[in-house]
There are 2 protein chains.
Amino acid sequence: MPPKNEQMDLIRRGVEEVISEEELERKIERSIREQRPLIVKEGFDPTAPDIHIGHTVSLRKMRHFQDLGHTVVFLIGDFTGMIGDPTGKSETRKRLSREEVEQNARTYEEQIFKILDRDRTVIDFNSRWLSPMNLESVAHLAATSTVARMLERDDFAGRFKENRPISILEFLYPLMQGYDSVALKADVELGGTDQKFNLLVGRDIQRAYGQDPQVVITLPLLVGLDGKEKMSKSLNNYVGITDPPAEMFGKLMSIADALMMDYFEILTSIPENELARMRKGLENGTADPRETKALLARTITAEYHGEDAALAASNTFDRVFRDRETPSDIEETSLKAEGNRIWIVRLVVRAGMAKSNGEARRLVVQGGVTIDGERVTNPEEEVRVSRGTAFVLKVGKRRFKKIQVV
Amino acid sequence: MPPKNEQMDLIRRGVEEVISEEELERKIERSIREQRPLIVKEGFDPTAPDIHIGHTVSLRKMRHFQDLGHTVVFLIGDFTGMIGDPTGKSETRKRLSREEVEQNARTYEEQIFKILDRDRTVIDFNSRWLSPMNLESVAHLAATSTVARMLERDDFAGRFKENRPISILEFLYPLMQGYDSVALKADVELGGTDQKFNLLVGRDIQRAYGQDPQVVITLPLLVGLDGKEKMSKSLNNYVGITDPPAEMFGKLMSIADALMMDYFEILTSIPENELARMRKGLENGTADPRETKALLARTITAEYHGEDAALAASNTFDRVFRDRETPSDIEETSLKAEGNRIWIVRLVVRAGMAKSNGEARRLVVQGGVTIDGERVTNPEEEVRVSRGTAFVLKVGKRRFKKIQVV
């Protein structure tokens, strides 16, 4: 294991907050002394197993811990998923079957080892200790926290103030998450800044159970492609880590210039001094924003698909957007995203490039329709669209439109 | 089963509130139609199995239901008792072992059939369904109520306002009590007015579990012998239903005149028109308050010990307090109750009737000390004293003192 200061430097990089650095130093010292890896935990939603680059912020931090010799627990919160929303009111808390949980876990597994080190990763499920928990144990757990403490959480405080209902069950969720840390004897828990409250409750609960409280590390939330909201699947403003190279590259090229340097910082390992040079170049006009963004898109795409695929994606993109015509030459139109797919026929009609479904269908079948340079010939095809991104729709030999998905 | 109106009249007698009378009427109608007895539930504290006449208010109401053909569940809340206070902060929530729970249940059993009909009584324990409950079921239960609803309870509201801590566990207790009603499919739950909130939560929870909500019947709280606080063992202002006749009679004679008619109403079956006559007699001075109080004391004592024992207790009392000397002739002194017993030797010294423990001890051994006419000859005897009561201590042939226990 590397010496303490080296470990601290890597861990601190790109994080929002460490609560507390002193405790983390003590834990690292003990870990070196006893040759015992730290247990670093993060919880993941069992209902949405598609990992996007927003998740990689903390996965990359987990990887740092692994590179320092520590053990990472990728904890799937399946117990909560299997309860669902008992009131049946919430659509978002869909109740999962054991099979769905296992399927989702496999989906996670296929993705996370693009980032994590398989040998230093434990995939665990909190149903392992929460399912057998009886009311007596729940009572002990519930005795460790107070109503006032729970109402410190921003969303609870807001709802309470506005007289919107908070069920007693919702007070149990942070306790369960905290108990997960007890069950795992977690030394460190990672999460987004929006998870800070729950992570801190974990400290209280570990203390109540006679454990040394975990160090809480919060990580910045990645803003989505729209430049406004947190990146998330439900907002369709994300780049999935299994997105094909061309799609990944194209999505990343669609972000606003102002987001570029944040993405560099949070999502790449390019050293801070290089980033500083880039930032300066952009400010004084010696760097080309488009080239800089292409570097970002290539770097990230290469991480998941390799250098060759990234370069190919970059070339395709250039061919469509730069070589054949300059983007400023193309008429732009916007399309409201309703799901994350649209029927190719409807797309052509909506874009005003065919007068009827019948005409659009014929154009597709005849091979006259391409999207970002790729021909679409199946008239039943559902084309993927991502809010905040843009693509070029070509119909016939000369008619182009840039479609901005809003 | 008697007709509905007859049932309603008996049930209504002496109760504080019925929520709601319409629902109770419907339940009774269905019970008559289907020849199915109603299930009438009341919960009892597993830690304090000594039943005092304050408890009999609701036990007598249970008996009314039994006389109408219904079934009563005497529910011992042993699950809560076995959890105790997991924080270890509360002295009052002592953790009970299974053996203690069973011993306390036997003690209850020895007492309650002085009032209840053995054939229509089910003694049950809520650990039967709460012990095997797992976290998933707890989650479903916790989803049935909200934080705002819980904070409607007066004591929670007060503590919340004053920033005194309320543990999450405390929110689970009313839910557990409500779930007891689900498990028992209770038609009616009885309790003191101080239990109203919890009883109503039971209705909510039964509804959430698809059951017809129980009718809630609250009963007045009996004021203790001190005329101030609710009768309770911990305040030592009570008459136990296993108190010996003389003690029971004497304690009842010690209450303030102003309490008499309340006790008559709540604790006896003397018809309302007779009570009205007594009330009038006391007001216009045609009835003797002392005689009226003696009737109360005899009536209640007879209920637990029979007419003969009650009459004997009354005669003993008269001999000491009226025939030998009038109470006004006796010097009075007060004694601060510290437990509910005092060593006879210390009592004689404290009363100023001996100069030393040695002298007091000799007086006892020589047979010169009596309490309410009963001789105490064992110098190690611990005499029972109850706050708010008085007794006459006699030392030698002529020295009397009335000891007021405060």
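1. Across the interface of chain B and chain A the rule finds 0 of them (a salt bridge is a side-chain nitrogen of Lys or Arg within 4 Å of a carboxyl oxygen of Asp or Glu). The rule does find 10 residue pairs in polar contact there, both residues at pLDDT 80 or more. A polar contact is a pair of N or O atoms within 3.5 Å; within protein, one must be able to donate a hydrogen and the other to accept it, and residues adjacent in sequence count only if both atoms are side-chain atoms. By class, the side of chain B that touches chain A has 23 nonpolar, 7 polar and 2 charged residues. Here Ala, Val, Leu, Ile, Met, Phe, Trp, Tyr, Cys and Pro count as nonpolar, Asp, Glu, Lys and Arg as charged, and the others, Gly among them, as polar.

2. Basis. This is a predicted model: local features need pLDDT of at least 70, side-chain atom pairs count only at pLDDT 80 or more, and totals for chains, interfaces and linings use all residues. Residues are numbered from 1 along each chain as its sequence is written, chains are lettered from A and ligands numbered from 1 in the order in which they are written, and side-chain values use heavy atoms, with hydrogens and water left out.

3. Interface area. About 2,700 Å² is buried between chain B and chain A, and carbon and sulfur atoms give 80% of this. Buried area is the accessible area (1.4 Å probe) that two parts lose on being put together, summed over both. In chain B, the residues that lose the most area to chain A are B:Leu135, B:Val147 and B:Ile168, together 26% of what that side buries. The contact (heavy atoms within 4.5 Å) takes 32 residues from each of chain B and chain A.

4. Chain A overall. It has 18 helices and 13 strands. Helices (H or I, at least four residues) and strands (E, at least two) are DSSP runs, numbered from the N terminus. The C-alpha trace of chain A spans about 70 × 50 × 40 Å along its principal axes. Buried residues make up 52% of the 406 residues; buried means under 20% relative accessible area, exposed over 50%, partly exposed in between (1.4 Å probe, protein chains only). Among contacts in chain A between residues at least 6 apart in sequence, 69% join residues at least 24 apart.

5. Salt bridges within chains. B:Lys251 pairs with B:Asp243, the closest N and O atoms being 2.8 Å apart, and both residues are buried. B:Glu380 forms a salt bridge with B:Arg361, at 2.9 Å between the closest N and O atoms. B:Glu380 lies in the loop between β10 (374-375) and β11 (382-384) of chain B and B:Arg361 in helix α18 (residues 357-365), so the pair ties together parts that are 19 residues apart in sequence. B:Glu380 is partly exposed at 47% relative accessibility; B:Arg361 is partly exposed at 32%. In chain A, salt bridges that share partners join A:Lys27, A:Arg30, A:Glu34, A:Arg36, A:Asp187 and A:Asp212 into one network.

6. A:Thr268. This residue sits in the loop between α13 (260-267) and α14 (272-284) of chain A. A polar atom of the A:Thr268 side chain lies 2.7 Å from the backbone oxygen of A:Phe264. The A:Thr268 side chain also reaches the backbone nitrogen of A:Ile270 at 3.3 Å. Leaving aside neighbours within four places in sequence, its contacts are A:Arg13, A:Arg60, A:Tyr263, A:Leu296, A:Thr299 and A:Ile300.

7. Backbone points to check. Most residues other than glycine have a negative phi, and most peptide bonds are trans. A cis peptide bond joins A:Ile19 and A:Ser20, with omega about -5°. The bond from B:Ile19 to B:Ser20 is cis too, with omega near -5°. B:Ser20 is in the loop between β1 (17-19) and α2 (21-34) of chain B. B:Gln35 has a positive phi near 55° and is exposed, at 58% relative accessible area. B:Asn163 has a positive phi of about 60°; this residue is exposed, at 70%.
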